[in-house]
Amino acid sequence: MALTITCPVCGKRDGYEFRYGGEDKGPRPDEEGLTPENWCDYVHMNDCVAGIQKEWWYHRDGCGVWFSTHRDTTTNLEISDSEVK
Amino acid sequence: MMNRLKNLPTLRVNTSEKVSVTYRGKQYEGFKGDTVASLLYANGIRIFGRSLKYHRPRGLYSLDGECSNTCMQIDDIPNERAENIPARDGMNIREQNVKGSAEKDMMGFIDKLDWAMPAGFYYHTMHRPAKMWPVAMKQIRKAAGLGTLNQNFNRHERFDEIFPKTEVCVIGGGPAGMAAALEAADKGVRVILLESRPWLGGFYEYRTSVDESGNFLYSKARTLAEKVEAHPDIRVFKHTFMVGAYNNNLITAFQRGGETESFHERYIEIRAQSVVVATGCIERPLIFENNERPGVMQAGCAHRLCRTYGILPGKAAVFSIGHDTGLEAAVDLFDMGLKIACIADLREDGQDPELLEKVKGRKIPYYPGRVATEALGKKRVTGVKVGTIDGTVEETYTCDLVVASAGFTPVTGPITINQGKLKFDEHTGFFLPSVLPDKTHVAGRINGLGNPASIEASGKLAGLRAAAECGKDLTGEIDEAQGELNDLPGPQRGSKFVTGPVSGRKSYICFDEDTTIKNIKQAIRKGFDVPELIKRYTSAGTGPGQGGIPGHNLPLFTAKFKAEENEKIRPTNQRPPLVPLFLSTYAGTNHDMAKRTPMHDRQKKDGGIFRRLGVWRRARYFSNDFSCRKEIENVRNNVGILDGSTLGKFRIHGPDALKALQRVYISNMEKVKQGRVKYTAMCNDDGCVIDDGVITKLAENDYFFTTSTGRAGSTVEWIRYHTRFDGWDFNLVNLTDALGVINLSGPNSRKVIEKVTDQDISDQALPFSGVKEYTISDDIPVTVMRLGFVGELSYELHVPSSYMESAWDLLLEAGKEFHIKNFGVEAQNVLRMEKGHVILGQESEQRTNLTDINMGFLWYRKKKEAKTVGNVALEQTVNDTGRLKLVGIKMKDPSRAPGDGCVIVDDTRVRGYVCTIRKSFSVEGVIGMALVEQPLAKNGTTVFVYEDECKGNLSEAQVVPMPFYDPEGKRMKA
Ligand SMILES: [Zn+2]
């Protein structure tokens, strides 16, 4: 895997060590007033941007932390926070 | 064996050590260090195989496997390139794509039918009528092809994989690559150097000419190689072919194992910070009629045959070359005893005057501005026609060797496959990199350099630049090295010359696919005017050689033939893998890695039959009776002991531990108490049940819980994921491997424990669902839980892994008088099924939610603020009637059970499936559990089971209440 991911604890490591946790869609919504449609949207629908996306990663073969980072989905390269406008 | 040249300082064969191989059933001898190709060539074999389409004889042409000419079947493996495979004793070699032999191929007549097979003929002939094509295709397949697969072939070799990290990766172990590696390593960064040949040295390795200081190039190569191999910061991979380059400078390659290595091939995936590409050049073929006739070869091939392998490639030769290296080869081969009828040099001027002097001094006829136009001879070269480039003069020479080479082709694959861009350069005639991948540098001949000092200086500069990108401050040194390089001779002039005045009908631009100059013209006339399209239409460059032979000539010829003004010369693309490799190499080590419990060896000794279960190997049976009747009956009547160590075991503690538990568990976790275990489950966001287990409270804000075997690996990840926005304060500890689990089940189980502990284990002291700390034999700390998975009086003992064997032995000893026996996972499976207890993944699949398997009683709905995972979806589906529900079923035929997974059908469709079903020894009949559509879930409903190969005879079953065994639960609560 060519991808590298920068863990906030362990630094830049091979993509093999991580598990993808999906797009960052924000915290769980309050349950009050949720319809099946908007719940399904939260759980299953993705933006699938062609470009820079904020997403979650888990350092599975490492420190075990969940963190979010930015990645350009067109180049599969991680983007540092300073480069994200 | 023909006479081999011995005692050459450049030799790579050991002439004192013989190697013997079998070719077409006959023994042939060569030397250690020979490739299969050089060994056969030394034995007079000239025709190595027949071409794909026209069955033309093919022989040795390059020496690096750039075309399929020397693809042979070696030890039953087709398409091995004889040029790249070291000869080993006992090898069995056969030629490919022949009917008869390579020498006398009965399909050879096809060569005369080329007029019937124009470019892309299979796209537009034999398609009318449409049903003609399958018939024709069969015949074409028979006639064309590369080797045959032995259906009974089994790989017995070992394959390996490694994933090294480095700062600088240098691709190519020639002078430039070695200079770069040394320079970078001297600056204190780690270097990995990849070289495709079995030795370092590249372009210098076989050459006897001298540099400015009078050193032989070959000895210079060896000095450099010694330095490189001795350098502590350079890791050298020889006989290693780079195949891919990706983002973040991930380089992939594979290495052929030598006779002493533990692997046949190994995959290498290198993570580098910066990369130096010093892959040099291959020769660009000169194209003329019959330019691939055995006996025609490239200058480097002829030169290396002599210098590296000690084989004089022929008796009398004609050279038709376009560069000084060709002249150098002619002079050297002449000195080694080759007769040279003439040298045709397609250049009018620009030759190295020193070399011309040498040619003149040896009285070799030399003709500038001339070129070979046709090789003569039916199966091998007997002569050649040489003419002026304008076609006005033509002479015929008798010879058995034609050394032909139009120019050089830089090996740019490593750059272009990583999104680098190329641009045609008029001076060198090369496609030179115009955009390089990030942190990538090029050095040496790939830039068009030919002068040894320039090649090394460019390597040094690239090495410095690569080291600088790994964080070394080398600005001054880089400027200095750049200045040094600027003062040396720059890139050499090259030409765009591809072919002399020929008809092109038998002039081959691509050997692998039998594509001629005429085919290219046909394609262009049909409107395929871009090399990339011509490549697809004519399949030139799509064969095993990956464009090594036609890759450079195709765009050059296209531009020349179209002759349009401002025509841009465009290269074709390359894709990984740049060199073919075995899928087994990508697959890597064939080693089934599994975890073992602390009781693995003990159970093995007791006759346990193991099966893979998730990441573990577990004892599934303890006899060859896979119904496990004895194991089951012993648990029901006496006491059984089972190793449950694979169970996931966790501790969660901290001020917010309870909040986290409320988030992921479906029940009300406030009810979890000390001294009691609570059974509960986890769902996913669709309400589908993913895990079940028990939990107990150890102390305030401190809990211990178990998960199913399959979920143990992802539980920490799961809990942290679903709390990732909350910033809660808790810690999770995975104790799965730290603790073993012993399950004692059966009416005698209490008696066994009583014998090993002084503490009270009576029903009052430890009732059903209780948990308590015990000490076994005054020493071993054990947490005992009283559970009832199998439906009997049952204890689960959590023991520190290091004490597991001792505890196990004590229990076995104590249990002797109560008939204690091992039971395995399958016996447990039947026992719990009889009790109606589910195993997730068996009684559930991806779509099964909590209420589908009658576990809705675990669901606590009044904790909305906890945002419990699964709660929303469960609420939304609770009244859904279109779901599969878990039921007990009993087969009408009590004699045998259908298989797990059989579908339940009616006349029109599938209505569900059987989860687990067995012939029961505890109750009457064949019983099991099934997931069925809700309308079928009512007790008393008759359902029909479809079995594979039942030929329409469905088996009848009835939906019945569960549990089947001890419905009141008196036994487990005894
Ligand atoms: Zn980490």
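User: Where is Asp76(B) found?
Analyst: Asp76(B) is found in the loop between strand 5 (71–74) and strand 6 (77–81) of chain B. Strands here are DSSP E runs of at least two residues, helices are H or I runs of at least four, and both are numbered from the N terminus. This is a predicted model, where local features need pLDDT of at least 70, side-chain atom pairs need 80 or more, and totals for chains, interfaces and linings use all residues. Residues count from 1 along each chain as its sequence is written, chains are lettered from A and ligands numbered from 1 in the order written, and side-chain values use heavy atoms, without hydrogens or water.

User: What is phi of Asp76(B)?
Analyst: Phi is positive, about 75°, although Asp76(B) is not a glycine. At 28% relative accessibility, Asp76(B) counts as partly exposed. The cut-offs are under 20% for buried, over 50% for exposed and partly exposed in between, with a 1.4 Å probe and protein chains only.

User: And what about phi of Ser769(B)?
Analyst: Ser769(B) also has a positive phi, near 75°, and is a residue other than glycine. Ser769(B) sits in the loop between helix 20 (749–756) and strand 40 (771–776) of chain B. Ser769(B) is buried, with a relative accessible area of 17%.

User: OK, cis peptides. Which residues does the bond with omega of about -5° join?
Analyst: Pro576(B) and Pro577(B). Pro577(B) is in the loop between helix 14 (553–562) and helix 15 of chain B. A cis bond also joins Met962(B) and Pro963(B), with omega about -10°. Pro963(B) comes in the segment after strand 49 (955–960) of chain B.

User: Switching to the metal. Which residues are the protein donors of the zinc ion?
Analyst: Cys7(A), Cys10(A) and Cys63(A) through SG, plus His59(A) through ND1. They lie 2.0 to 2.3 Å from the zinc ion. Donors are N, O and S atoms within 2.8 Å of the metal (3.2 Å for Na, K and Ca); water is not among the atoms, so sites may look incomplete.

User: Why is the arrangement called tetrahedral?
Analyst: The 4 donor atoms subtend angles of 103 to 119° around the zinc ion, which makes the arrangement tetrahedral. Four donors count as tetrahedral if all angles lie between 85 and 135 degrees.

User: How are the donor residues spaced in sequence?
Analyst: The pattern is C-x2-C-x48-H-x3-C. Cys10(A) is in the loop between strand 1 (4–7) and strand 2 (11–14), and Cys63(A) in the loop between strand 4 (52–58) and strand 5 (66–72), all in chain A, so the pair ties together parts 53 residues apart in sequence. Cys10(A) is partly exposed, at 37% relative accessibility. Cys63(A) is partly exposed too, at 32%.

User: Now the interface. How many residues of chain A are in contact with chain B?
Analyst: 32 residues of chain A are in contact with 27 residues of chain B. Contact means heavy atoms within 4.5 Å.

User: How much area do the two chains bury between them?
Analyst: About 2500 Å², 48% of it on carbon and sulfur atoms. That is the accessible area (1.4 Å probe) two parts lose on being put together, summed over both. Arg28(A), Glu31(A) and Trp66(A) supply 30% of the area chain A buries against chain B, more than any other three residues.

User: Which ring does the charged end of Arg724(B) sit over?
Analyst: The ring of Trp56(A), 4.7 Å from its centre. The test is NZ of Lys or CZ of Arg within 6 Å of the ring centre and within 35 degrees of the ring normal. Within chain B, Arg445(B) lies over the face of Phe408(B), 4.9 Å from the ring centre.

Terms used. Four donors count as tetrahedral if all angles lie between 85 and 135 degrees; four count as square planar and six as octahedral if opposite donors are over 155 degrees apart and all others between 65 and 115; anything else is irregular.
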